[in-house]
Amino acid sequence: MSSAVSMASMSTYAILGCGSVGHAVAEELESEGKDVLILDHDEGRVEALRDQDLDARTADIAEPDVADAIGDRDVILIMSSDVAANKAAVENIRSRGDDQFIVVRASDPVTADELTELGVDVVINPSEVIADSALRALETGELEHRAERLAEVLSRGERLAILAHRSPDPDSIASAVALKAIAESLGVEADIRYEGEIGHQENRAFVNLLGIELAPLDRDDLSSYDTLALVDYARVTEYDLDRQPDILIDHFEPELEYEAEFADIRPNVSSTSTILTKYIQEFDLNLSEEVATALLYGIREETLDFKRDTTPADLTAAAYLYPFANHDTLEQVESPSLSPETLDVLAEAIRNRDVQGSHLVSNAGFIRDKTAVSQAAQQLLNLEGITTTAVFAVTDDTIHLAARSKDIRMNIGAVLEDAFGAIGEARGHSTDATAEIPLGIFTGLEGNGGNRETLLSLTEQAVKSKLFEAMGVDVEVEGGSGGEPANGS
């Protein structure tokens, strides 16, 4: 169809073949005040349509003269169940050389492809349309039921503790913020708690700029809450609280068994923020700028700005949030200044980099802030020719490793799991992952004793060799820290 003709300008329609599908379309168009001409070979059916004050005429839609009869119509809808007749009608219409918009019914993918090759603009399969409609209705009904159950569990107490995962990321924090807004709309006081630290500078900027209220978990105070909710918590491998959660919401299947009264686990979406956005919509909350901005950032971060495992649900949630979010704040969050320690770690990682092909592995030495390792891995991914980075560093008793990859052939999460899953804790996605390994596994030494340089050298040799092996890189790793890279880069 010519781009000069808009759908809004289309006002005249022809329906060829008017069974149950065509009849339903005709009635809908008539209700919108459209000029509709109906052609069908069944005289009895045509007479019945005329009795309903519809413009219906008897004709065999496969005959060439039908194309002339509907030559003045903007849109042609061919709704017959006769595949051969539909194809003939399309061929006759297109042979005239007119630029009419043609919609045709098909019953299977093969017929759909054949009709498309004949010049049809849109092919529809009524069975698929009905199935899609049924699934949407089921999804809507299921969400409504879940929202009612969530409200019921939330409303049983006066105080709610929302626990984000250890050292929470934006998805976990945003999800907690949204659940707090839902709880408070029901008259329930809610507090967000977390363990670990909010160390990554973007995450700190995220919390500070949006004024998000959250505090470290005090286990002694947990008993004062009537209800406990875990959000974005499934990847936790140890749960040592004295009570089971009442609410569990996540986009990953939990690695542990919980006895939550309400659980909503959706592996078919890519962020917990997406799930909470659906609940915000279902509860019809007056969405604040802070909550909208938090949720949009949570979705964007978890999907790497819609470049990783993004689903239609993530996109529709983001589209809903977009008009309500503060985009100046988002820009500030995504461009925080680097701390002096992060710069030091990045400089050390650059100096000690070992590049094999497009893979970079580096030792950042001894550190205090483990989040600087993740930032260094992300920054080094910007180097020319580099598709995969892994940066590791040592605290008192742990090796902290962060990896990033933009190589579509590599799942960096699987690489770390393969290399270190049996001796430490590895977690992550196809494009970013982290690992923590007890220092004594490789060296038999502790970080606060013995010769630090020897300790670092032993660690570097062991970690590099296992990493490159898991990446499929056959290389002889040179020992020693602070020296030149193995390949002279």
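A search of the whole structure turns up three aromatic pairs, where rings of Phe, Tyr and Trp (its six-membered ring) pair if their centres lie within 6.5 Å. Planes under 30 degrees apart count as stacked, over 60 as edge-to-face and the rest as tilted. Keep in mind that this is a predicted model, in which local features need pLDDT of at least 70 and side-chain atom pairs count only at pLDDT 80 or more, while totals for chains, interfaces and linings use all residues. Residues are numbered from 1 along each chain as its sequence is written, and side-chain values use heavy atoms, with hydrogens and water left out.

**Aromatic pairs**

- Phe-262 and Tyr-279 have ring centres 6.4 Å apart and planes at 65 degrees, so this pair is edge-to-face.
- That pair links distant parts of the chain, with Phe-262 in strand β12 (residues 262-265) and Tyr-279 in helix α9 (residues 272-282), 17 residues apart. Helices (H or I, at least four residues) and strands (E, at least two) are DSSP runs, numbered from the N terminus.
- Phe-262 and Tyr-279 are both buried; buried means under 20% relative accessible area, exposed over 50%, and partly exposed in between (1.4 Å probe, protein chains only).
- Tyr-320 and Phe-324 make a tilted pair, because their ring centres are 5.5 Å apart and their planes sit at 55 degrees.
- Here both partners are partly exposed: Tyr-320 has a relative accessible area of 24%, and Phe-324 has one of 36%.

**Salt bridges**

- The count comes to 27 salt bridges, each being a side-chain nitrogen of Lys or Arg within 4 Å of a carboxyl oxygen of Asp or Glu.
- Arg-94 bridges to Asp-121, with the closest N and O atoms 3.0 Å apart. Arg-94 belongs to helix α4 (residues 83-95) and Asp-121 to the loop between α5 (109-117) and β6 (122-124), so the bridge ties together parts that are 27 residues apart in sequence.
- Asp-121 itself counts as partly exposed, at 28% relative accessibility.
- Arg-166 pairs up with Glu-195, the closest N and O atoms being 3.8 Å apart. This one also links distant parts of the chain: Arg-166 is in the loop between β7 (159-163) and α7 (170-185), and Glu-195 is in the loop between β8 (189-194) and α8, 29 residues apart.
- Glu-195 counts as buried, with 13% relative accessibility.
- Glu-348 and Arg-351 meet in a salt bridge as well (3.1 Å, N to O). Both lie in helix α13 (residues 340-351), three residues apart, or about one turn of the helix.
- Glu-348, at 25% relative accessibility, is partly exposed, and so is Arg-351, with a relative accessible area of 43%.
- There's a network too: salt bridges link Glu-142, Arg-146, Asp-264 and Arg-266.

**A negative patch**

- Asp-60, Glu-63, Asp-65 and Asp-82 gather on the surface in a patch of negative charge. Patches are made of residues with over 30% relative accessible area and no salt bridge, with like charges joined within 9 Å.
- On the bookkeeping side, Asp and Glu count as negative, while His and the chain ends are not counted, and the place of a charge is taken as CG of Asp or CD of Glu.
- Asp-60 sits in the loop between β3 (55-58) and α3 (64-69) and counts as partly exposed, at 39% relative accessibility.

**Positive phi**

- Most residues other than glycine have a negative phi.
- Asp-232, although not a glycine, has a positive phi of about 50 degrees. Its place is in the loop between β10 (227-231) and β11 (247-250), and at 8% relative accessibility Asp-232 counts as buried.
- Leu-304 is not a glycine either, yet its phi is positive at about 55 degrees. Leu-304 lies in the loop between α10 (289-302) and α11 (312-321) and is partly exposed, at 31% relative accessibility.

**Distances along and across the chain**

- Leu-214 and Arg-193 are 21 residues apart in sequence and 5.6 Å apart in space, C-alpha to C-alpha. Leu-214 is in the loop between α8 (201-210) and β9 (215-216) and is buried, with a relative accessible area of 17%.
- Gln-375 and Pro-126 are 249 residues apart along the chain, and 51 Å separates their C-alpha atoms. Gln-375 is found in helix α14 (residues 371-380) and counts as buried, at 8% relative accessibility.

Conventions: Patch = residues over 30% accessible without salt bridge, like charges linked within 9 Å, V, L, I, M, F, W, Y side chains within 5 Å. Areas by Shrake-Rupley, 256 points an atom, 1.4 Å probe, with all protein chains shown as cover.
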